Amino acid sequence: MATIIIPTPLRKFTNNTARISIRANNVKGVVNELTFNFPDLKKHLLDEQGNIRSFVNVFVGDEDIRNLQKEQTPIKEETVISIVPAIAGGMA
Amino acid sequence: MSYEDIHFSKEELARYDRHIIIPDFGFEAQKKLKAAKVLVIGSGGLGSPSLLYLAAAGVGTIGIIDFDVVDDSNLQRQVLFGVDEIGKPKVEAAKKRLESLNPFITIKVYNQQLTSQNALDIIKDYDVVADGTDNFPTRYLVNDACVLLGKPNVYGSIFQFEGQVSVFNYTNKEGELGPNYRDLYPTPPPPGLVPSCAEGGVLGVLPGIIGSLQALEVIKVITGVGETMSGRFFIFDALNFETRTFKIKRSPSNPLNGDNPTIKHLIDYERFCGVKAVEKPIKEISSRELYDLQVRGEDIQIIDVREPHEYQIANMGGELIPLATVSASADKIDRNKKVIVHCKMGGRSAKAIHELEEKFGFTNLYNLKGGILGWIDEVQPELTKY
Amino acid sequence: MLVIEQKPLDEMYQDALRSFPDECCGFFFGNEIGKERIITNILTVDNSKEGDKKRRFEIAPKDYLDAERFADENELQLLGVYHSHPNHPAVPSEHDRIAAQPYFSYIIISVKEKQIAEIRSWQLNESFQFEEETIENQSINQNK
């Protein structure tokens, strides 16, 4: 079972649970299982095509999945996945 | 009217004299303007100046689509209208004003809302679109329709003190297609969510500036004079009088016309007048507490909102009402006793409870914290976790 | 509604002034009681934006995770993000809005020519639009 860490802004959609155990083979499987069980998370994590939104970073351990196999990145037991919202903005 | 059939009366030649005598503009450009058909979407803050200048310039056919009515508060910036037009449909008032400015052109009005049902039909008759609306659903609708129909879209928008201008979906003289709105912002806020009605207001003169720039770009697209803003995004900061232009490019992941297009039809991003709903917290119950209720013999109902195959793997004997069918099965849910709603982890049951409370006014529903997985951990470890 | 204790308020102002003319950024923490958010601590972070730090800011994912850890270790709630707008009103831009998260408060500090001009706070509503939140004790704005 991999553990997925939910960032503070999204915890209200997971009944305030910060760490959730999910069983899946890769990141995509984890995200699908997560949004299936917590449907209100979907619009904050995924775009209309069902891909992870550009303002959401997913880390497997310490690595950004964009540097690994993106949503196909495999998951093992004891893997810790962190959802990290991209914090950005500015005047322009 | 095609370009070859364009004739000008003596009066028109006199009227457009100041265009015709510009060496880089001239008679040929004026002919192109008269042959052109431009659709202006929205006749408000941005539409007012752009319509005035397009009519003055002699664009032969101008279409205006707007479903709004003139209000006194519009007159702070919508200079197309006057106090005599208050209460009248904007498109009618606009038509009257523009015809009195230039009787040599044709104004077509559409007193309706642009939707996915009519957009392709209306836009197909025009050569260029000027998007003067200021909300996400219409912006994306116009953008998508123009890309699907192959029409250039002159974009203008205001946000707080900032104005933006660009030209989307334009094919240049070399035959290269420029970027469109979805190359910048591939997806809007999800369907069902739109700007709330309480907006921050706008400095009246700002849409005047941006709308005029839109008219300029429309004229350049039609006549081929100068360099359009295709591939560039212009930002104007009204407070500091600072401008910035940055380059934009087509993106391979554009869902509309990138390498793997997924959007093939127009989407109506739902509209509603968003009054902020105060989210009431739902009532929760832990597995231990539920167990205690059962041991005490209290009369309760347990509802399971998972899918049938999940029920097969492990269940607590609850009544199976899958999440998607919850509203349709509301009458199966008791109102006179504690009803505990559960799913696998607690997320779907929370959603079901929100739905039942909002739509049917239930007040006796409890969400099982941690779902059946939590129940298995704490009370019935002999059940299969999945 | 936000209540900002004096110490974190001073620290945010200092960060904004020190970073001028670039945008500063950081996180703030505290407690939530009903609709009131009381800010007791802040954490300044580097503006990781490559390029124009005068008009944009970015927070590195590692810094974000440190903020979540800080909240956990100190038993505080991570309440939101603050950043500054040099020579620009404390009003969120389209960029601010598109990248904004639900639940967080977004404090924006407007710095005009090395002086704090105003501080305002915003929260994303369910329609993904910013709504302003009141800040108690924002005496800096009372002179307007």
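Residues are taken to be in contact if their C-beta atoms, placed from the backbone, lie within 7 Å. In this predicted model, helix α2 of chain C (residues 61-73) lies across strands β2, β3 and β5 of chain C, running at about 135 degrees to β5(C). Helix α1 of chain C (residues 6-19) lies across β1, β2, β3, β5, β6 and β7 of chain C, and its direction makes an angle of about 40 degrees with β3(C).

These strands belong to an open sheet of 8 strands in chain C, with mixed pairing and the order β8-β7-β6-β5-β2-β3-β1-β9. Strand β1 (residues 2-4) of chain C is joined to β9(C) by 2 bridges, and the two strands run parallel. In this pairing, C:Leu2 stands opposite C:Ile135 of β9(C).

In chain B, helices α3 (residues 26-35) and α9 (residues 205-223) pack with their axes 9 Å apart and at an angle of about 105 degrees. Because angles of 65 to 115 degrees count as roughly perpendicular, α3(B) is assigned to that class relative to α9(B). On the α3(B) side, B:Ala29, B:Lys32 and B:Leu33 meet B:Ile219, B:Ile222 and B:Thr223 of α9(B). This contact comprises 4 nonpolar, 1 polar and 1 charged residues.

Between chains, the contact takes 15 residues from chain B and 12 residues from chain A. Helix α12 (residues 347-360) of chain B gives the most to the side of chain B that touches chain A, with 4 residues. That side of chain B divides into 6 nonpolar, 4 polar and 5 charged residues.

Technical notes: Residues are numbered from 1 along each chain as its sequence is written. Chains are lettered from A and ligands numbered from 1 in the order in which they are written. This is a predicted model: local features need pLDDT of at least 70, side-chain atom pairs count only at pLDDT 80 or more; totals for chains, interfaces and linings use all residues. Axes are lines fitted to C-alpha atoms, for helices over the stretch in contact, and angles run from 0 to 180 degrees between N-to-C directions. Angles under 35 degrees count as roughly parallel, over 145 as roughly antiparallel, 65 to 115 as roughly perpendicular and the rest as oblique. Two residues are in contact if their C-beta atoms, placed from the backbone, lie within 7 Å. Ala, Val, Leu, Ile, Met, Phe, Trp, Tyr, Cys and Pro count as nonpolar, Asp, Glu, Lys and Arg as charged, and the others, Gly among them, as polar. Two strands pair if DSSP finds at least two bridges between them.
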